[in-house]
Amino acid sequence: MIAILRAATFAAAAHAGQTRRGLPDPYINHPLRVAHHAALAELGEDAVVAALLHDVVEDTSHTWDDLRVAGFTERAITLARLLTKWWESGDEDGDDHDKAPY
């Protein structure tokens, strides 16, 4: 539970001042909704953390290493990478094996 609260706080700070494209809604509402669905599906703590963090690297100046330094698990980071367009986020560690096959 603490990891989820830390991820929510990290994501909220990272997305502070951002809104959804074309909407007045704070951007953080999107990762919160994704995390809510992951929790309802009982996907586990790392999946909920990943849902909260999935747009942090894509849409802010943070890097995957920032998430590691912040203490998030490698599994949560890996799941977050699978949920984001990492190839558009300046992620030099990305390679083709992480791309969805569709």
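Colleague: What is the mean pLDDT of the protein?

Modeller: This is a predicted model; local features need pLDDT of at least 70, side-chain atom pairs count only at pLDDT 80 or more, and totals for chains, interfaces and linings use all residues. Residues are numbered from 1 along each chain as its sequence is written, and side-chain values use heavy atoms, without hydrogens and water. pLDDT is the predictor's confidence in each residue, from 0 to 100. 83% of residues reach 70 or more, and the mean is 87.

Colleague: Which element has the highest mean pLDDT?

Modeller: Helices are DSSP runs (H or I, at least four residues), numbered from the N terminus. Helix H4 (residues 56-59) has the lowest mean, 91. The highest, 98, belongs to helix H3 (residues 45-53).

Colleague: How many residues of H3 are buried?

Modeller: Buried means under 20% relative accessible area, with a 1.4 Å probe and protein chains only. Among the buried residues are Val48, Ala50 and Leu52. They pack against H1, H2, H4, H5 and H6. Of nine residues in H3, the buried ones number seven.

Colleague: Why does Arg81 count as buried?

Modeller: Arg81 sits in helix H6 (residues 74-83). Its C-alpha is 8.1 Å from that of Ala50, 31 residues away in sequence. Arg81 counts as buried because its relative accessibility is 13%.

Note on methods. Helix = DSSP H or I, 4+ residues; strand = E, 2+ residues; numbered from the N terminus. Buried < 20%, exposed > 50% of the residue type's maximum accessible area, 1.4 Å probe, protein only. Contact = heavy atoms within 4.5 Å.
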